[in-house]
Amino acid sequence: MNSEEEFFDAVTGFDSDHSGEFAEANQKIIGGLGSDTSENQKAGNTETRPPQENGVQTHRMSLPAPMFTRSDFSVWSILKKCIGLELSKITMPIVFNEPLSFLQRITEYMEHVYLIHKASRQAQPLERMQSVAAFAVSAVASQWERTGKPFNPLLGETYELIREDLGFRFLAEQVSHHPPISAFHSEGLNQDFIFHGSIYPKLKFWGKSVEAEPRGTITLELLQQDEAYTWTNPTCCVHNVIIGKLWIEQYGTVEILNHRTGDKCVLHFKSCGLFGKELHKVEGHIQDKNKKKLFMIYGKWTECLWGIDPATYEAFKKQERRGDHLRKTKPEASSEKVDDDVADSVPDTQETVQVIPGSRLLWRVNTRPPNSAQMYSFTSFTVSLNELQAGMEALLPPTDCRLRPDIRGMENGHMDLASREKERLEEKQREAQRERAREETMWRTRWFYQGNNPYTGTPDWLYAGGYFERNFSDCPDIY
């Protein structure tokens, strides 16, 4: 394994006017895993669905076992024995994982899919861009306080999620192992959108932090408007991987382009800054193809996003700067030398977003369940991702990560079993790779093919189709 493979998924690697439609506090799912009636009949699956309340199947709101404490473990205790070795030689104990595959982590993009449905109903391009921008920000919100690393997907691993109540179905496949690349494809059940991309973050280890630089294009197609939007995610950084309390920040510029109109949304995810005043802040604007600003956006990726017209925004900022100038006191510069061995201090949480009068709420994060801290800081949506409901196994391909024994063992609190299974699966994967080398055969992906993004022309992995016909007879044995 190389350093990217080992650490890429540690950081990567959501109330608006419509948020009540899908409030996570009462999240429900309809229909289990059947894509539609005809497909279920083709597959011969007529199992009775799980018990329902008032005709709607409820979804689990907690994990089978609480999170295993990490207080007795230290990353430094591992790294200090590896001084002089390549980062690829370091294997992290399973206690630093969370019971999800990285493919499931990607699926969390869909937590606030109502924003896509909203965009598909809006008449004006400017309104649609506001909703798309809110969706792009909401897609990273679940990462807040998520310091556990997802499991590295095995080559050929897949994950599917069908949420009839939220109006989408989703598929992901691990299409490459060196470098690790995860491809995904999602579509609206009412044929209103297609959402797809491939993720392969570039990892950098800075001694005290791990930084994931996003690679890969994310594409959203609104089918009724014949519009396509593309963007890349911000950079994510996990601080204090050696000593101190882990904390996360997102930073960098995200540009969302409407390929039909030429409109662009430019969002600046602010880095923490010296005194933490910029922590989690997002600021930006929507401009037309002539670079005229049409709409201003501000907020925090951990909380909410607001928007307002440029004139009102600039007038407010001008008044704010005048007030700051009158009461500003210059802080004394610290004469203390920075010690590289000291942990990065966790910034104090600043006051919530200051709302400019006349602003419009674009998105607000869902409230997490009260026991989230004991469940790896999962959202309610995330808690449901690895649930294996009655009748699911007969419908799923054998490569679905719900069937991974190491993840299932960890979710159930069996840490020793999970650790042994993780080692067994990794060795099985290495042996399969050696066998292909001996036979001089190439790995064949099942559901995605390598090509170019139809809008940017950049390399991408595209959905080949056919998955939901549920012919899984040629799926590899990876578990």
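This is a predicted model: local features need pLDDT of at least 70, side-chain atom pairs count only at pLDDT 80 or more; totals for chains, interfaces and linings use all residues.
A residue counts as buried when its relative accessible area is under 20%. By that cut-off Phe195, at 1% relative accessibility, is buried.

- Phe184 and Phe195 form a tilted aromatic pair, with 5.2 Å from centre to centre and 50° between the planes.
- This pair links distant parts of the chain, since Phe184 belongs to strand β7 (residues 181-188) and Phe195 to strand β8 (residues 193-199), eleven residues apart.
- Phe184 has 0% relative accessibility and therefore counts as buried.
- Phe195 counts as buried because its relative accessibility is 1%.

**The pair Phe448 and Tyr463**
- A tilted aromatic pair is also formed by Phe448 and Tyr463, at 5.8 Å centre to centre and 55° between the planes.
- Phe448 lies in strand β20 (residues 448-452) and Tyr463 in strand β21 (residues 459-463), so the pair ties together parts that are 15 residues apart in sequence.
- Phe448 is buried, because its relative accessibility is 2%.

**An aromatic cluster**
- Phe184 and Phe195 belong to one aromatic cluster, together with Tyr109, Phe135, Phe170 and Trp231.

**Arginines over ring faces**
- Arg169 is placed over the face of Phe468, at 4.0 Å from the ring centre.
- Arg446 lies over the face of Trp443, at 5.5 Å from the ring centre.

Notes
Residues are numbered from 1 along each chain as its sequence is written. Side-chain values use heavy atoms; hydrogens and water are left out. Rings of Phe, Tyr and Trp (its six-membered ring) pair if their centres lie within 6.5 Å; planes under 30 degrees apart count as stacked, over 60 as edge-to-face and the rest as tilted. Helices (H or I, at least four residues) and strands (E, at least two) are DSSP runs, numbered from the N terminus. Buried means under 20% relative accessible area, exposed over 50%, partly exposed in between (1.4 Å probe, protein chains only). A charge sits over a ring if NZ of Lys or CZ of Arg is within 6 Å of the ring centre and within 35 degrees of the ring normal.
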